[in-house]
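Please keep the sequence and the structure in view while reading.

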Amino acid sequence: MREQLEQIKASALAELAQCGDGKALEALRVSYLGKKGQLTAILKQMGKLSAEERPVIGQVANEVRQALEAAIAEKQEALKEKELNDRLEAERIDVTMPGKAAKAGGLHPLSIVTNDLIDIFQSMGFDVVDGPEVETDHYLFEALNLPKDHPARDMQDTFYLGDNLLLRSQTSSAQIRVMEQRKPPIRIVCPGRVYRADEVDATHSPVFHQMEGLVVDKGITMCDLKGCLEQFVHEIYGPETQVRFRPSFFPFTEPSVEVDVSCSECGGKGCRICKGAGWIEILGAGMVHPNVLRGCGIDPEVYSGFAFGVGLDRLTTTRYKISDIRLLFENDTRFLDQFN
C-alpha cells in the first residue's frame, strides 16, 4: 500500500505540473483528494492492514495528502498570478498616446434663433412665459375674440382632441392666461411649439414654432409697436434691412398689420427667394382688440396694447438661407453639423 500511495503522489504531482487553468486544477483535486478520489479509496482499505502496519501507512497517507494539498495551493496561487498578469497585459493602456477628442454637439438652428430672439426682447424689458400645448377652446379661440361661429376659425385647421380640447395652433393662449393673472403693465414673449393640420412641403409643417409678444399699458400706440418691431428686425437682419407694414386682419387685433422685411438675398430687387417681390413676410401684428382686453378683466378705456407673432421656423430658414423647412425636423447630422 505504501507503493500505491507513493505512486498516487508522483502521478498527482506530474498532472499538477500540466494544469493550465483553475478548472483543470479543481478537477485534479477532486480526482485525488475528493470523497471518491484515489487517495480516499486507498485509505478505505486500511482496515485490512495489521495493527502494526496501520499507523505507519496512516502516517504515509497523511504526508501524501499534505504534500498534495500544499502543491495544489501553490499551483492555485501561481495560476491566479498568471491570470492577473495576462489580464493586465491584455488591458494595458498606453497613457502616452494622444487622447481621442469627444465630438461636441451644438445647438439646433431653431434653438439658436429662439435664444437670440429671447435675448433681444429681454433687453427691451420683456418677460418670457410659457403655456400648455394642449389647450381649451376658451383660451385658444373665444378669449381671442373668436366665438364658435366666427368664420376666421377656418383660417386655422386645428387638431381637436375632444369637443373642447385641442392642440394649440398659436401661443396667443399663453397671453390670455397672463392677462387673467397679472395687472398691467404687461410685457411678455411666449415662444413655443404649435400645431396645425397643414400638408407637409418645403414651407409648411403640421408642427412648427412661434414666438408671440404682448405689451399692455397706459398710452400704448402703433408707434410703440412699430418702434419695437423695427428694433427687433435690425437686431436679427442688420441695420440696413428695411421694414414694411401692410394692413391685414386678425380677429384679436385692430388695426392689424403684416410686417415684411427687404429680402436679404437680393436687397429688395427681386429674386427666387422673395418670389420677385423684393420683400419677405415675417410676422403679423396689431393693437390688441378691446374685446380681448375686456374679456381678461382689463379696462380698454384705461389700457391699450399691441401684440405680434413671429414664425420661428420661417425666421430660421430666411436667416440661414435654408431652402426646405423639413430639414429642421429630420435630425440629419450632415445638416446640423453646419451650425456647431
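Predicted model: local features only at pLDDT ≥ 70, side-chain atom pairs only at ≥ 80, totals over all residues.

Residues are numbered from 1 along each chain as its sequence is written, and side-chain values use heavy atoms, with hydrogens and water left out. Helices (H or I, at least four residues) and strands (E, at least two) are DSSP runs, numbered from the N terminus.

**Helix 8**

- Helix 8 covers residues 222-237, and its 16 residues should span 22 Å at 1.5 Å a residue, in agreement with the 22 Å between its end C-alpha atoms. The expected span is 1.5 Å times one less than the number of residues.
- Its buried residues (under 20% relative accessible area, with a 1.4 Å probe and protein chains only) are Leu225, Cys228, Leu229, Phe232, Val233, Ile236 and Tyr237. Seen down the axis of helix 8, these buried residues fall within an arc of 135°, so they line one face of the helix. The arc is that of the directions from the helix axis to the C-beta atoms.
- The elements against which the buried residues of helix 8 pack include helix 5 (109-123), strand 6 (243-250) and strand 7 (253-262). Contact here means heavy atoms within 4.5 Å.
- Glycine 238 follows helix 8 and has a positive phi, near 110°.

**Strand 4 and its partners**

- Strand 4 (residues 186-195) is mostly covered, with eight of its ten residues buried.
- Strand 4 runs antiparallel to strand 5 (residues 207-217), and ten bridges join them; proline 191 has methionine 211 in strand 5 as its bridge partner. Two strands pair if DSSP finds at least two bridges between them.
- Strand 1 (residues 127-128) pairs with strand 4 in the parallel sense over two bridges, and aspartate 127 stands opposite isoleucine 188.

**Salt bridges**

- The structure holds 16 salt bridges, each a side-chain nitrogen of Lys or Arg within 4 Å of a carboxyl oxygen of Asp or Glu.
- Aspartate 86 and lysine 82 form one of them, with their closest N and O atoms 3.0 Å apart. Both residues lie in helix 4 (residues 53-90), four residues apart, about one turn of the helix.
- Aspartate 260 and arginine 244 meet in another, at 2.9 Å from N to O. Aspartate 260 belongs to strand 7 and arginine 244 to strand 6, so the pair ties together parts that are 16 residues apart in sequence.
- Aspartate 260 is buried, at 2% relative accessibility.
- Arg244, Arg246, Asp260 and Glu281 are linked in a network of salt bridges.

Conventions:
Buried < 20%, exposed > 50% of the residue type's maximum accessible area, 1.4 Å probe, protein only.
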